[in-house]
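Please open the model in your viewer and have the selection panel ready.

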Amino acid sequence: TVLVVDFGAQYAQLIARRVREARVYSEIVPHSMPVSEMLAKNPKAIILSGGPSSVYEPGAPTVDKALFEAGVPVFGMCYGFQLMATALGGTVDNSGAREYGRTPLAVSQTGSTLFEGTPAQQSVWMSHGDACSAAPEGFIVSASTGVVPVAAFENDAKRLYGVQYHPEVMHSTHGQQVLEHFLYRGAGLAPTWTTHNVVEEQVAAIRAQVGTKRAICGLSGGVDSAVAAALVARAIGDQLTCVYVDHGLMRKGETEQVEKDFVAATGVKLKVVDAEERFLTALAGVTDPEEKRKIIGREFIRVFEQAQLEIIAEAGATGEPVEFLVQGTLYPDVVESGGGSGTANIKSHHNVGGLPEDLEFKLIEPLRKLFKDEVRMVGQELGLPEEIVQRQPFPGPGLGIRIVGEVTKDRLDLLREADAIARAELTAAGLDREIWQCPVVLLADVRSVGVQGDGRTYGHPIVLRPVSSEDAMTADWSRLPYEVLEKISTRITNEVRDVNRVVVDVTSKPPGTIEWE
Ligand code: XMP
């Protein structure tokens, strides 16, 4: 394991991902963790991330010098670099030598572990107010800029390295190479962490955890639950039962994808509950978005729990109890919630569906060490279809919150058609990776006048909401090529009855959310 010590900016997750891209396993730890605890994890190398502070600010995070004396290779970046410099007797001063953004870096390649084989001049991403003016004793200075005399230092004997810039960001042109030089040459690690190994390791761990007991997993049609289920299925076969609630609010072809393609790829035992009527009945007459969400959430839990109970009863007859619940928790959730210990037992809602009071599941979370792109790679490794592995985010309440107005079967069918056309054209134009997601919304309570054929029409508008985003917290509207918009618009107005207008939502988030409801 390589530990990435998080000094409080957003860089640690990116660094951890870059290390994994170099096929070396990495984990993030908070800077508040005592060095003894870090060392107890037996790390093969430690990386100190950047952070927003100045080493001279009162109360700025520091690092115990013992970290550099344990014989573990260390790589400091930006703030981590300055901490290293001060801890080891170098000089960092607040001389006004600040640099922000793309900066030319001059490196001395000979004798440098970090820079050998990279260009003498390279572009790097800087973001600092303080600067290192003298390296600690015993270190060679291997890079500088016009402003900063010491932009990188190295000590091969002690296996300590540092750079003032951010090698992890894309704008540092040889950043990944420099990071790999640290990992492979500085720390002597081998690129052995692969998706294949992740699968093998997880499969073995799940088998050991579950034994001959049974597990259940809810499938939503999304990537995370699908990959989690596929992994567990690989490990324990038909000791796993998956539950898929078809609430009738899915997009065209999605339920079939789960029922056919997913099952074909994994051989999983699947219980599909057709609950369309139940959901539509519960939603009848409802137009308020929050009320819709509540109803859908409530019905979902009821149906899901009923299905669980049935599976538990069937399993009970065979003597092996259902003890485990599979969840698709990802690493960013784990990091953001403080790195939880992973022993949580969750109690299923027992206020509805008649579950026994004391029913508790142990959790299987096979993705809790993985980033989203790694989950997709594991999905591919497990042979899941592209359509599932590369799927864009889709809200749990489904099309129910993409019809502005009352949700009816008729309107759902209409929206499904429009959505399928938009998706097909975006895919055909090769835009799937570029856009984060593209909700297609039916304004069911709005009508406008149109002319189609020779007659007047009075139909509904369809809204396209293509957005680009990193994490859905903020988003920008995607500048789709006009030809693609034209194609989508023409097809939808021609092929979808009752729709005579297509409009594009050009609002960023904030102020607009991605979904309309
Ligand atoms: P908003 O509309 O809040 O959406 O900008 C942010 C992201 O979350 C998705 N979303 C949901 N996902 N259950 C989900 O699983 C929900 O109830 C839900 N509501 C919104 C939305 O598609 C976008 O990716």
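Begin by colouring the chain by its domain assignment, which divides it into domain 1 (2–186), domain 2 (202–389) and domain 3 (408–504). As you do so, keep in mind that this is a predicted model.

Next, select Ser220, Gly221, Gly222, Val223, Asp224, Ser225 and Ala226, which UniProt lists under "binding site" in an unreviewed entry. Within this selection, centre on Gly221, which is found in the loop between β12 (214–219) and α6 (223–236). Gly221 counts as buried because 21 other C-beta atoms lie within 10 Å, where the cut-off for buried is 20 or more. Setting aside residues up to four places away in sequence, show Met250, Glu254, Val258 and Phe394, which Gly221 touches.

Then move on to Val223, which lies in helix α6. Is Val223 buried or exposed? Val223 has 23 C-beta neighbours inside 10 Å and therefore counts as buried. Apart from neighbours within four places in sequence, Val223 is in contact with Val375, Arg376, Gly379, Ile388, Val389 and Arg391.

Finally, select the ligand together with the residues around it, namely Pro393, Pro395, Gly396, Pro397, Gln437, Ala472, Lys509, Thr513, Ile514 and Glu515. Colouring this shell by residue class will show five nonpolar, three polar and two charged residues.

How values were computed: Residues numbered from 1 in each chain as written. Predicted model: local features only at pLDDT ≥ 70, side-chain atom pairs only at ≥ 80, totals over all residues. Near = placed C-beta within 6 Å. Nonpolar A, V, L, I, M, F, W, Y, C, P; charged D, E, K, R; others polar. UniProt positions renumbered as here; feature names shortened; annotations may be inferred. Helix = DSSP H or I, 4+ residues; strand = E, 2+ residues; numbered from the N terminus. Buried ≥ 20, exposed ≤ 12 C-beta atoms within 10 Å, placed from the backbone. Contact = placed C-beta atoms within 7 Å. Domains from an automatic or database assignment.
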